[in-house]
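Please examine the sequence and the structure shown below.

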Amino acid sequence: FYPLNLSALSPTLIESELFGHRRGAFTGAVADRAGWMEVCPASGAVFLDEIGEVDAGIQVKLLRVLQSREFQRLGDTEARPFRGKIIAATNRD
């Protein structure tokens, strides 16, 4: 179980935390990093708290993960599988 409070993170940090990044993808990316979507096992879940506060562009990427069960690290072209579950919550209607 990997809980993330999305309202506490900036939009660019949310993408890096969820999907991971490749070395050199942005300033400060000195090494490859696996995101929560990659480290989550098949029997695990990523809990996205305050999903309603997230930028629409990131929500589109999350919908793509739900549809295709694949994602890409920031700065990478290799598709990686997501085998876990996504649980989301918001305080909005």
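**A buried glutamate and the aromatic pairs**

Glu15 is buried, as its relative accessible area is 14% (buried means under 20% relative accessible area, exposed over 50%, partly exposed in between, with a 1.4 Å probe and protein chains only). The model is predicted: local features need pLDDT of at least 70, side-chain atom pairs count only at pLDDT 80 or more, and totals for chains, interfaces and linings use all residues. Residues are numbered from 1 along each chain as its sequence is written, and side-chain values use heavy atoms, with hydrogens and water left out.

**Surroundings of Glu15**

- Glu15 lies in helix α1 (residues 11–19); helices (H or I, at least four residues) and strands (E, at least two) are DSSP runs, numbered from the N terminus.
- Apart from neighbours within four places in sequence, Glu15 is in contact with Gly20, Ile58, Lys61 and Leu74, where contact means heavy atoms within 4.5 Å.

**Aromatic pairs**

- Rings of Phe, Tyr and Trp (its six-membered ring) pair if their centres lie within 6.5 Å; planes under 30 degrees apart count as stacked, over 60 as edge-to-face and the rest as tilted.
- By this rule there are three aromatic pairs.
- One of them, Phe1 with Phe47, is stacked, at 6.0 Å centre to centre and 25 degrees between the planes.
- This pair links distant parts of the chain, 46 residues apart: Phe1 is in the segment before β1 (2–5), and Phe47 is in strand β4 (residues 45–49).
- Phe1 is exposed, with a relative accessible area of 61%.
- The ring centres of Tyr2 and Trp36 are 5.0 Å apart and their planes are at 35 degrees, so this pair is tilted.
- Tyr2, in strand β1, and Trp36, in helix α2 (residues 36–39), are 34 residues apart and link distant parts of the chain.
- Tyr2 is partly exposed at 22% relative accessibility, and Trp36 is partly exposed at 25%.
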